[in-house]
Amino acid sequence: MLRLGLPKSAPVVAICALAVLASACSSNSASPATTAKSSTSGTGIPTQSVDSAIAATVPQAIKSKGSLVIALDATYAPDEFIAADGKTIIGMDADLAKAITQVLGLKATLVNATFDTIIPGLQSGKYDMGDSSFTDTLARQKVVDFVTYFQAGEGFYVKSGNPGFNGLDSLCGHSVAVEDGTTEQSDAQTQAKTCTKDGKATVTVLSYGNQSQANLAVSGGRAEVGFADSQVAAYIVATSNGVFMNSGQAFEVAPYGFALPKGNGMAAPIKAAVNLLISNGVYTKILTKWGVQAGAVSTATINSATS
C-alpha cells in the first residue's frame, strides 16, 4: 500500500506482466519452500554481513534451526510475486526478508501461502514470519506481533474506459473485487454497512482467494472496480497493457508490518535488523528497485498501529 501516493511508472523490474490478468504466473496454494540464496548478485542489492550483536539477540529456538520459514502470498506484485521461472518468489518483501535474515545470520525459507492462512500458520508454528504486506492493526496485534517497516495506502483501479471511483463513499451501489483477508475486504464490507445506514444502495463485495482472481473479476466485468493496496493497484495498471487504469487518490494511510508469533522474542531482532538496513541504505535500495520508495519509513517500530 502506498498511501503516500501512487507511483507514476511501473517498478524497474516488471516480471510476469500478464499476471494481473491471470493466475498462471503464481500459485494460491502453498508451494514447495525455497531457500533464499545468500547472494543477491544481479539485483543491485548487496549481500549483508552478519551483525553479531543483533544475531546474539535471536532466541535460541530459532537460532538452533538456522533459518526462518517466511510465508508470503506471492500474488501481490510488486510486493511479492512469482518470477518468470514460475517458482521463485520475488518483490520488495522477498528482498527485505533475505537482507534481514542475512543480518541475523539465518537462512530465509520463503513459502508461498494463501494470505488468510498466514496468521493462523504463525499461531500454529508452521511459519516463523509473515511477510506479505500485512497492515499492522490493533485487531491483528491480539494474536501476532508486528515490526512495522513501510507506510502504505489503499487504491482503486477499473477497466479502462469505465467510470472512476474516488474514496470509500463512491462504492455505494457498485460491485468491488477484493482479496480474502485483506484490509480492503474489511473496509469494503464496513462501507457496505455505512451505505445502507445512510439510505444509499449497498456495496456488493466480491472476495477472491488471491489478487489475480480479483483482477480477473474486474477485467471480465464481474466487478466494476478493484480495490488493493495503492502501490499494488498502480503496478496492476502499469503492467496491464492498457486493460486497467487507476481511479481516484490513494487513501487510508497505515503501516505495514512483518507478522511474528506473539511474544516469541523475534520482534526485537527483526526491528534491529530493519533499522540497520535503513541506516546503511540497503532498505532504500530495495524500495527503489521495486518503485515503492514513496512508502519508506525512517525507523522500524514494534506494534505501532493505532486502530
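Colleague: Which residue in β7 does A71 stand opposite?
Modeller: G130. Keep in mind that this is a predicted model.

Colleague: How many bridges pair β2 and β7, and in which sense?
Modeller: 2 bridges, in the parallel sense. Strand β7 covers residues 129–130.

Colleague: And what about β2 and β6, how many bridges there?
Modeller: 6 bridges join them, and they run parallel. There V69 stands opposite T109 in β6.

Colleague: Zoom out. How many helices and strands in the protein?
Modeller: 10 helices and 13 strands. Buried residues make up 54% of the 307 residues.

Colleague: New topic. How many aromatic pairs does a search of the whole structure find?
Modeller: 13. One of them is F81 with Y235: the centres are 5.8 Å apart and the planes are at 50°, so the pair is tilted. F81 is in strand β4 and Y235 in helix α8, 154 residues apart.

Colleague: Are F81 and Y235 buried or exposed?
Modeller: Both are buried. F134 and F146 also form a tilted pair, with 6.4 Å centre to centre and 50° between the planes. F134 sits in the loop between β7 and α5, F146 in strand β8.

Colleague: Why does F146 count as buried?
Modeller: Because its relative accessibility is 0%. F134 counts as buried too, at 1%.

Colleague: Last one. Which residues do ring pairs link into a cluster?
Modeller: Y149, F150, Y256 and F258.

Key. Residues numbered from 1 in each chain as written. Predicted model: local features only at pLDDT ≥ 70, side-chain atom pairs only at ≥ 80, totals over all residues. Heavy atoms only, no water. Pairing = 2+ DSSP bridges. Helix = DSSP H or I, 4+ residues; strand = E, 2+ residues; numbered from the N terminus. Buried < 20%, exposed > 50% of the residue type's maximum accessible area, 1.4 Å probe, protein only. Phe/Tyr/Trp six-rings, centres within 6.5 Å; stacked < 30°, edge-to-face > 60°.
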